[in-house]
Every structure is written in structure tokens, then in C-alpha cells.
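Let's take a walk through this protein together. Have a look at the picture below, then read on.

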Amino acid sequence: MTKKQRALRLVLGDQLTPGLSALQDYREGDLVLLAEVAEEATYVKHHKKKLVFLFSAMRHFAEELREGGHEVRYVRLDDADNSGSLGGEVERTLKECGSFERLVVTHCGEYRLHDEMTKWSERFDLPVDIRDDDRFLCPLDRFADWTDGRKRLTMEYFYREMRREAGLLMDGDDPAGGEWNFDRDNRKKLPSGIDLPVRPVHPSDGITQEVIALVEDRFGEHFGEAEPLRYAVTRAHAEDDLKKFLDICLPCFGDYQDAMAEGEAFLFHSVLSMYMNCGLLDPRTVCEAAEAEYREGRAPINAVEGFIRQILGWREFVRGLYWLKMPDYAKSNFLDAKRDLPDFYWTGETKMACVRDAVLTTQKHAYAHHIQRLMITGNFALLAGISPKQVEEWYLLVYADAYEWVELPNTHGMALFADGGVMATKPYAASGAYINRMSDYCSGCFYSVSKKYGEKACPFNYLYWNFLIENEDKLKGNPRLNMPYRNLEKMDDEKRKAVKSDSERFFREIGIA
């Protein structure tokens with residue numbers, strides 16, 4: 001191969017897959033580029049553990065590629081000539097490593113970066129081949145075709161089509177178990193005294209220890225704890241975590257997937273999303289492995305269907321929605337929410353036991369499970385009318401599995417209803433009663449979940465009604481909110497005044513009035 005025929009192949013930190021589309025036709029003489037750059041680490045101040053996880057996984061992946069016969073140029077964050085940006089590192093590589101015929105990349109996960117990449121051909125005077133990310137089960141053009149002519153985009157109907165196309169949990173033309181969705185069976189509170197699975201811990205090797213020191217030095221002011229890092233940073237260890245989830249967690253996952261318990265970060269959840277989202281695990285393989293547990297009688301249908309729905313349904317749906325609606329999607333603010341994010345989202349210093357536990361769990365692990373994200377921190381932000389941009393930045397930076405394609409629709413649409421119903425049919429607003437039903441938080445809380453008004457009342461209780469009052473002109477016509485608004489109509493003036501007074505007092509107390 002002559003120099004002129006060489007391809008420079010850029011691999012991003014969430015593309016750590018040997019079969020990545022940008023690598024599929026790799027030939028001898030091509031060069032693979034991976035780069036740790038300050039711009040990607042700081043455009044939001046990502047959780048220190050998230051940075052440790054990704055930088056260590058990237059370094060291990062570079063070694064995996066080299067062992068597989070790829071020529072790799074790996075740029076470390078602390079390299080003396082590091083330009084600080086992906087575009088800068090592409091430019092520097094083109095100058096320093098000889099001539100290339102083309103630049104090959106796989107479609108990235110954020111509109112911001114994709115917009116930059118579309119301008120690289122002109123910038124570098126070089127053909128840029130932006131390839132589809134075929135690690136997803138639904139190509140973007142397939143999702144766009146599915147949306148064509150639909151008045152509303154309902155994930156459940158999308159999910160059923162994906163089940164048919166992928167052949168997952170299907171008995172011929174019918175869904176396994178006779179139903180498409182077993183969600184009604186997955187809402188049990190965690191029984192007291194239940195034995196929770198012991199989760200795997202992967203000791204940090206020399207590479208990870210080196211990265212921890214780097215992150216503490218360069219990003220010491222970022223949110224969260226850098227160590228210990230318990231997560232897998234290699235494909236082999238991620239596959240071990242998948243096997244352990246299937247063996248010890250999946251059978252109970254369905255029953256308790258909506259449950260919460262103070263001081264218990266993981267319960268029966270898979271904690272595999274960070275591996276799928278960065279490329280260490282393949283989503284189809286994960287789904288097929290879960291289905292095999294059902295077929296072999298080792299896990300019940302409600303657990304396996306609920307788990308597969310999170311991947312084949314929600315994960316694919318939010319990605320399709322993101323690319324279909326961006327960039328205007330991020331600008332919407334249907335409820336005109338404008339209050340500032342409270343300080344306790346960073347410190348955990350609040351008398352609300354549920355919020356404190358969710359934030360401290362996030363601070364420690366760069367992880368919280370989906371109900372903590374939706375019904376605790378997300379629900380509070382919705383009820384309090386917090387600015388979507390501030391909430392979305394928080395979610396993007398604090399979680400190790402968060403990239404904008406998955407974070408934005410889940411936060412903007414599902415948690416905050418900022419899109420006015422594009423993603424969800426109603427706001428996921430709930431009072432303290434829901435939290436009490438699904439957790440043990442309320443028993444040890446400073447506030448009383450049984451009290452509706454006053455300084456000792458659970459803030460979720462009066463904020464729930466205040467939310468309905470503040471947004472009555474926009475939400476009252478929603479058929480899924482008919483019952484709460486009928487109850488609001490029965491509320492006398494004295495109780496309405498108490499709701500408003502308690503809410504305004506609380507907002508002053510937490511500094512967001």
C-alpha cells in the first residue's frame with residue numbers, strides 16, 4: 001500500500017468496539033487514532049469516576065487493538081503536544097504521520113461533535129467518511145421511517161416492531177409469554193431482610209492507577225469521587241459482569257426494578273449501561289444472553305422482558321428521537337421552568353432522605369438506577385420548576401453511562417416534560433406517597449410523608465400540588481391528568497394558599513426562590 005492510500009481512523013471514547021464501523025475495513029498501513037483531550041473532559045465537568053473509567057477503558061482498548069494487529073496512535077491527556085481537542089489531534093496526526101487518503105469515523109453520540117465533524121473535510125482538505133454506528137439495532141434511517149406519518153411517537157409500539165425485527169423473545173409471530181409487556185409485575189417494594197447480591201469489584205491495575213492520579217491532578221475540582229473504581233475497564237471484565245448479572249441478579253430484577261433502598265446503590269440492577277454505551281459490551285449480545293436465561297428456565301419472563309425492553313425499547317428509542325429532533329429539541333422549555341438547580345444536587349446536604357441518598361450514591365459511584373434518576377432527582381426538578389438546561393447538564397456530567405444522545409431525551413422529555421409530550425404522554429410527577437410506597441427512605445426522614453402542609457411536611461407533597469397549580473394552563477387538558485386536576489378542583493382556597501405558602505417558603509430555604 002502506498003502512503004497515498006492510507007486511512008486515518010478516529011475512534012472516540014464511547015466507541016471501544018473492535019468491530020466498529022470505522023475499523024471494519026482496516027488494512028495494513030492504516031492508522032487508528034484515540035485521544036484523551038481536555039475539551040471533551042470539560043465541556044461539562046464530568047464526574048471524576050466517569051473520566052477515570054473512560055480514560056482507563058480507552059487505554060486498555062488501545063492495547064487490545066495493538067494485540068489484534070492494528071497500528072495505534074494514542075494521545076494521552078498529559079502528552080506535551082496535546083492540542084486539547086479532537087479536531088486538533090486529527091490535524092496534528094495528519095501533519096506528523098505522513099499522508100492519508102481519507103479520514104474514517106463512526107457517527108458520534110452528540111450533535112455538538114457531529115456538527116464539528118461535518119466540517120472536517122473542508123478544514124483538513126481531505127475526504128471524511130462518517131459511517132453509521134451499526135452497534136445499535138435500529139439504524140437512524142429506519143427510525144425515521146418508523147416515525148413517518150405518526151401523530152405521536154409511542155415507545156411501546158416501536159418496541160414491538162423491534163422485537164419482531166430482532167426476533168427477541170418471540171414465539172413465531174407472538175410475544176413470548178403471551179404478552180408484549182410485563183411491567184405491571186415489576187413494581188414491588190423491596191422486602192425487609194432480603195439478601196442482596198454481592199456485586200463484582202475489579203481491582204485497579206497499573207493503567208487505572210495512573211489514570212486516577214491524572215484525573216485527580218487535572219480535574220480535582222470536578223464532581224464526585226475518583227476512587228475506588230469498581231467497574232470493568234476491559235471487554236473481558238465487562239463480559240464477566242454480564243455473566244454475574246445473569247446468574248445472581250436477573251431472576252429478581254423484574255420484581256424489584258422500581259424499588260429503592262437507602263444505602264443500596266445497585267440492588268438487582270445490571271449496571272451494564274456504561275459498558276454498552278462505551279462499546280465494551282454489544283447490546284444485541286446482552287439481549288440474547290438474557291433471553292437464553294428465560295428459555296433455559298433460569299429467569300422469569302417479567303424480569304427478562306423488562307430488561308430487554310430497557311435496551312431494545314428505550315435505549316434505541318431515545319437515540320432515534322435524539323437524532324430525529326436535534327438541534328431544536330434541546331431548546332424547548334414547555335413548562336417555562338426557570339429556577340436554579342439547588343446546591344444539594346452537588347453536596348447531598350438536604351433533609352430529604354431520598355434526595356440525599358440519590359445524590360450521595362451518584363457522588364460515590366457515578367451511578368444511580370433509573371428510578372432514582374426519574375422519580376427522585378428528576379421528579380424533584382420537575383416539581384420545583386428547575387431550568388432544563390441546568391438539570392440536563394447535571395445528568396450529563398454525573399453519570400458514567402451518560403452521553404447526550406441518551407441523557408437528553410431521558411431528562412428533557414421523560415423527567416422534565418420540557419418537550420411538551422414528544423417523549424412521554426404526561427409528566428412523571430409524584431408526591432411523597434409514591435416514594436414511600438417504593439422505598440424505605442421515608443421512615444428515617446426529617447420530614448413526615450403523612451403530612452401535607454407545614455414545615456415538617458414532605459416537600460414532595462406540597463410541591464406536587466404547587467406544580468399542578470403553576471402549570472394548570474398547560475397541563476389541565478392532558479387526559480392522563482384528569483384525576484389529579486379533578487382533585488385540585490375540590491381543594492378549597494385555604495389549602496391552595498397553604499400549598500403556595502409552603503412551596504414559596506421551601507424555595508427560599510433552599511435558595512432558589
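## A helix with a bend

The bend at a residue is the angle between two axes, one fitted to the seven residues ending there and the other to the seven starting there. Helices here are DSSP runs of H or I with at least four residues, strands are runs of E with at least two, and both are numbered from the N terminus. With that in hand, look at H13: this helix bends by about 35° at arginine 309.

Before going further, keep in mind that this is a predicted model, where local features need pLDDT of at least 70 and side-chain atom pairs count only at pLDDT 80 or more, while totals for chains, interfaces and linings use all residues. Residues are numbered from 1 along each chain as its sequence is written, and side-chain values use heavy atoms, leaving out hydrogens and water.

Buried means under 20% relative accessible area, exposed means over 50%, and partly exposed is in between (1.4 Å probe, protein chains only).

## Two residues tucked into loops

Histidine 46 sits in the loop between helix H1 (38-42) and helix H2 (48-67). Is histidine 46 buried or exposed? Its relative accessibility is 5%, so histidine 46 counts as buried. Leaving aside residues up to four places away in sequence, histidine 46 touches Glu40, Ala41, Leu51, His222, Leu396 and Leu397, where contact means heavy atoms within 4.5 Å.

The side chain of histidine 46 also makes a polar contact with the side chain of lysine 50, at 3.2 Å. A polar contact is a pair of N or O atoms within 3.5 Å; within protein, one must be able to donate a hydrogen and the other to accept it, and residues adjacent in sequence count only if both atoms are side-chain atoms. A polar atom of the histidine 46 side chain lies 3.3 Å from the backbone oxygen of glutamate 40.

Now hop over to asparagine 478, in the loop between helix H21 (472-475) and helix H22 (482-490). With a relative accessible area of 13%, asparagine 478 is buried. A polar atom of its side chain lies 2.9 Å from the backbone oxygen of threonine 425.

Where are the cis peptide bonds described here? One joins glutamate 227 and proline 228, with omega about 0°, and another runs from methionine 326 to proline 327, with omega near 5°. Proline 327 is in the loop between H13 and helix H14 (344-347).

That loop between H13 and H14 also holds aspartate 336, which has a positive phi of about 55° although it is not a glycine. Aspartate 336 is partly exposed, at 42% relative accessibility. Phenylalanine 417 has a positive phi too, near 55°, but this residue is buried, with a relative accessible area of 3%.

## Cysteines

How many disulfides are there? Taking a disulfide as a pair of cysteine sulfur atoms within 2.5 Å, the count comes to 0. Cysteine 278 has its nearest cysteine sulfur, that of cysteine 108, 16 Å away. The sulfur of cysteine 442 is 6.1 Å from the closest one, in cysteine 458, which is too far for a bond.
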